[in-house]
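Subject: Structure handover

Hello,

Here is the structure you will be working with. Please open it beside this email and follow along.

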Amino acid sequence: MQGFQERGGGGGAPPDLAQLQSTMRAIELACTSIQMHMNPAEAEATILLLAQSHQPYQACKFILENSQVANARFQAAAAIKDAAIREWGFLSPDDKRNLISFCLCFTMQHANSPEGYVQVKVSSVAAQLLKRGWLDFTAVEKESFFYQVNQAISGIHGVDVQFAGINFLESLVSEFSPSTSTAMGLPREFHEQCRKSLERDHLKTFYCWARDAALSVTNRIIESNSAIPEVKACNAALRLMLQILNWDFLYKSSGAASSVFSGGVRQDNDSPKRSEVNLVQPGPAWREILVTSGHIGWLLSLYAALRHKFSCEGYWLDCPIAVSARKLIVQFCSLAGTIFPSDNVQMHEHHLLQLLSGIIAWIDPPDAVSRAIESGKSESEMLDGCRALLSIANITYPTVFDQLLKSTSEVVKNLMNNDSEEETWSWEARDILLDTWIALLVPVNRNSGNALLPPEGRSAAANLFALIVESELRAASASAFNDDVDSNYLQASISAMDERLSSYALIARAASDVTIPFLIEVFAKGFARITQGRGLVDHTECLEELYSLLLIIGHVIADEGEGETPLVPNAIQTQFSDILEAEKHPVIILCSSIIKFAEQSLNPEMRELVFSPRLMEAVIWFLARWSSTYLMSPEENADLNSSKVLVEFFGQHNQGKPVLDIIIHISLTALVSYPGEKDLQALTCNHLLHALVLRKHICVHLVQLDSWRDLANAFANDKNLLLLDTAHQRSLAQTLVRSASGLRNSESSNQYVRDLMGHMATYLVELLRKNNLKSIAQQPDIILSVSCLLERLRGVASASEPRTQKAINELGFAVMNPVLVLLKVYKDESAVVYLLLKFVVDWVDGQISYLEAHETAAVVNFCMNLLQLYSSHNIGKISLSLSSSLLNEAKTDKYKDLRALLQLLSNLCSKDLVDFSSDSNETQGTNISQVVYFGLLIITPLITLDLLKYPKLCHDYFSLLSHLLEVYPETVAQLNTDAFSNVLGTLDFGLHHQDIDVVDNCLRALRALASYHYIETRGGKTGLGSHAAGLKDQGGNLQEGILSRFLRSLLQLLLFEDYSPDLVSSAADALLPLLLCEQGLYQRLGNELIERQPNETLKSRLANALHGLTSANQLMSTLERKNYQIFRKNLTSFLIEVRGFLRTK
């Protein structure tokens, strides 16, 4: 077959019937062959040939009208679309209109065809072609098409045609929506213009047609006692209305005054919600259609009537029309914004109350609804009711919607009382309703003074929280003897439960005057139970309950402190502002009872009987969270009377120091008395102790405590602490060193560090003196000891501060020689090599900016020896043939030392940027540049594109590269051709990386490289020399210079690819020196781009934009700061002007 050529073109000469029949038979045979799996490649080629033929429209029409093979008709419709989109510019206006009319007429004429998928395809082709010509067709031409569609949707040609017309509009709306539109190879500007035009001129009309179509068949559906075709049309109309309401509306007024009903999305960034709600904001032009016309009342009445009629038919709730109607109702619950006038709050309130009155029957009474679902009724209606409540909660506040709180409280109460692991719907409903409470309560928690709950809401919150606690304790008790860990969510880690517990905390704080006393009572009962029948009664269930209760209480009374200064939650501060006596303050009573309970763990007998490792985890977690908020909190954080009482009671002049002493004793007990419990040790080292030393005013008291001195002494001398996980060794060492900030002066702090860490250097030095070092060093216990000491050294190095810098500096110099010796001894132990390198990295990072010139020279010499030793032993070198193994996550550990070397070079470079020494000079800069140069020669051959797929390594590498090119561009320029080419290859990879930080580092590197070359060459020097001019490849062909190459690449990225708008400024800073270096290439590239434009209008726009990029705002040919600022503005304007029509979809 040579091809399917049309002798009549788009619609000229009469067709050759024999040729048309031959083509039809070929396509039918190909479709049948594919279905029968006979020669599929040849069959697919035949079908592709039809789509690629020149103007195959008559053949495709013939197949659609005459073929008895449905798949052949489907492929013919697809071929019409492909050919028409491809040849659109060559078709006459009549041909374009005729193709669309043919597809529309075919869809309507065959509306009752059993092969529905063929009709859907032809309908979508009509929609795609109509969009393709949207900007070409006049308003009259568009109306002629829509007149046919409106006639079909009105129902005058029957229900099947009505259904087909609605389906066409569905396809059309989908085609004009950016997220679902078909690629046509056109500028994005075209798609955006089509989208705006449809929304402005037609979208409301389509909605009205769909609404009227549904209205026209409603009565027949309600009155009929059997399935009728009108149901299908009504369902399609409801679907279309829902699709239109899901449109991302552009024409919505801004600047309207906000009211108690949110005009937009509430900025609840601290909300722990799991469910997402998209608001519908169509603007005031839609008010009459959606709000004031009674449309919502009709929709609710329709669903209610059908629901009543089919109340005995359990399956009906999942029928398409029921599902579509509920989805539309739920979507109306998200209606917000300027569609409601700012001066008529009652309109929005009436709208929501009307919806709520219709929805309430879906979930109320909750016990009856739950029983019906458990008896076999579908849960879909109840879940949709919960989603509707969530939508309403996202656009209103509890002060005006207390009925919503009552509804959700009752439903959650029932779900809590009837929860079951097998009933997944109940968990889903519970999560949705908890998110509903969160949506209402986040503003209350953030600004309780202005958004307090009404009394009914507080009562509902208190009752709900009590039910939650009872349900959680019941589940915890049931899990006590359950060995099936996977089936019980309570066995999850504390961090995994944080989201759910945060939801509970918001509810509790909404009525803290009730919930805090309630928690006091519950905890007191649990505490009393474990003290009874000591040793005679199994307290496993009670301990699980206490574990759960500690987590709940911790979330209720304190917020997470990571990343910010934790304060007493607003709701708790305001709720107890009238209580001025500490012994009567509920929060103090609750906290004191928990601390008293935790103190019992110091009793060996109680510890063995009660405090299991799991319970101790909850105790340590609670103390860490609580102490960050309440323990010795600065007095300036106490604004209200209640907060002042809390701060003073647990302050440094009252109970703060005794409580601190208890916490340290408990921490030491957790580390010493629970060997092998890594989770408990992690919480103790990384959370509790770490949080304490971050506050200097606490460190002042810490270093005075005997308990803290006991901890420091155990760290230095107790072999039990050497059994801690290596990462915990590092954390504990860091914590102990940081506590030195609480001592009187720098001398005391440095002596404290020397006493604490002196044993490390002594051990390493003594180890190296042994004659049989090589043999004993390989013993497992020696390897473990060395690893632990190296981790401790890392912790000390990372805790460096000005007060302790001298002692840590001495420690580092004392172990320099042992580090080099250990690197030789453990060259085959990758884990030890990595720890050695990481210690050097951390120590250099903390010390380099303080070192005097002679010390800097010693450190640089040490690093040079380290790199030479590393290179000589081939440590870390990887064969390129093994790079595919990097896909195996288990093998990535062997590349950690490469990351460490990258970090070491970066830290050395920082000396030229930050230098606190008293005698800084240029000599050390020269020394550092030498070690950096040598380091690059070692590292660049090891860096492959496969390695750069690993995020941490990738980030460190490009961070170093940008740093080196900014500080030592001349050193990088001296690299040999292979090393330099490898660096540039990775830069090109990084420019197109998905991580914005990686791309930003590459742009900074390009800026430094191009700026260096431009400044050097203007001064009469060679700059990058042959690297910029280009080199010959193995075939003798001259390759493009690197600056030319990156100018092309950067322009390609900016004009045609996706990237974050945040990168435009960095891209401008890189592009400016590239343009100045390669002005001739820029002119050629600009001219080529202009010539590729399809019409004179776009050519003129692009030419003006390119000219403005390099001349607007008095841009000069310099690299001064002001010039960079001007060029950033020019580039931003340039991209706004041209990207819309240069980028295609």
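Below is what was found in it, from the whole protein down to single residues.

**Ground rules.** This is a predicted model, where local features need pLDDT of at least 70, side-chain atom pairs count only at pLDDT 80 or more, and totals for chains, interfaces and linings use all residues. Residues are numbered from 1 along each chain as its sequence is written, and side-chain values use heavy atoms, with hydrogens and water left out.

**Confidence.** pLDDT is the predictor's confidence in each residue, from 0 to 100. The protein averages 83, and 85% of the residues score at least 70. Two stretches need care. Residues 1-12 have a pLDDT below 50, with 34 contacts in the model beyond near neighbours in sequence. Residues 254-270 are also below 50, with 38 such contacts. A contact means heavy atoms within 4.5 Å. Where pLDDT is low, the predicted coordinates should not be read in detail.

**Overall build.** The protein has 52 helices and zero strands. Both are DSSP runs, numbered from the N terminus: helices are H or I with at least four residues, strands are E with at least two. Of the 1145 residues, 55% count as buried. Buried means under 20% relative accessible area, exposed means over 50%, and partly exposed lies in between (1.4 Å probe, protein chains only). Among contacts with a separation of 6 or more, 76% join residues 24 or more positions apart.

**Cores.** A nonpolar core is a set of buried Ala, Val, Leu, Ile, Met, Phe, Trp, Tyr and Cys residues joined through side-chain atoms within 4.5 Å. The largest has 252 residues. Which of them touch the most other members? They are Phe465, Ile557, Phe597, Trp626, Tyr630, Trp708 and Met757. Take Ile557: leaving aside neighbours within four places in sequence, its contacts include Phe622, Trp626 and Tyr630. A second, separate core has 129 residues, including Ala30, Ile47, Met184 and Ala322.

Helix 36 covers residues 780-798. Its end C-alpha atoms are 27 Å apart, which agrees with the 27 Å that its 19 residues should span at 1.5 Å a residue. The expected span is 1.5 Å times one less than the number of residues.

Helix 48 (residues 1042-1056) reaches 21 Å from its first C-alpha to its last, close to the 21 Å expected. Eleven of its 15 residues are buried, so helix 48 is also largely enclosed by the rest of the structure. Among the buried ones are Phe1046, Leu1050 and Leu1054.

Is asparagine 112 buried or exposed? Asparagine 112 is exposed, at 59% relative accessibility. It is in the loop between helix 5 (93-109) and helix 6 (116-132). Its C-alpha is 5.7 Å from that of aspartate 160, although the two are 48 residues apart along the chain.

Glutamine 805 is in helix 37 (residues 805-814). Its relative accessible area is 15%, so glutamine 805 is buried. Not counting residues up to four places away in sequence, it touches Asn750, Ser800, Gln847 and Tyr850.

**Cysteines.** A disulfide here is a pair of cysteine sulfur atoms within 2.5 Å. The count by this rule is zero. Cysteine 954 is in no disulfide; the nearest cysteine sulfur, that of cysteine 1002, is 7.4 Å away. Cysteine 954 is buried, with a relative accessible area of 1%. Cysteine 333 is buried too, at 0%.

Best wishes
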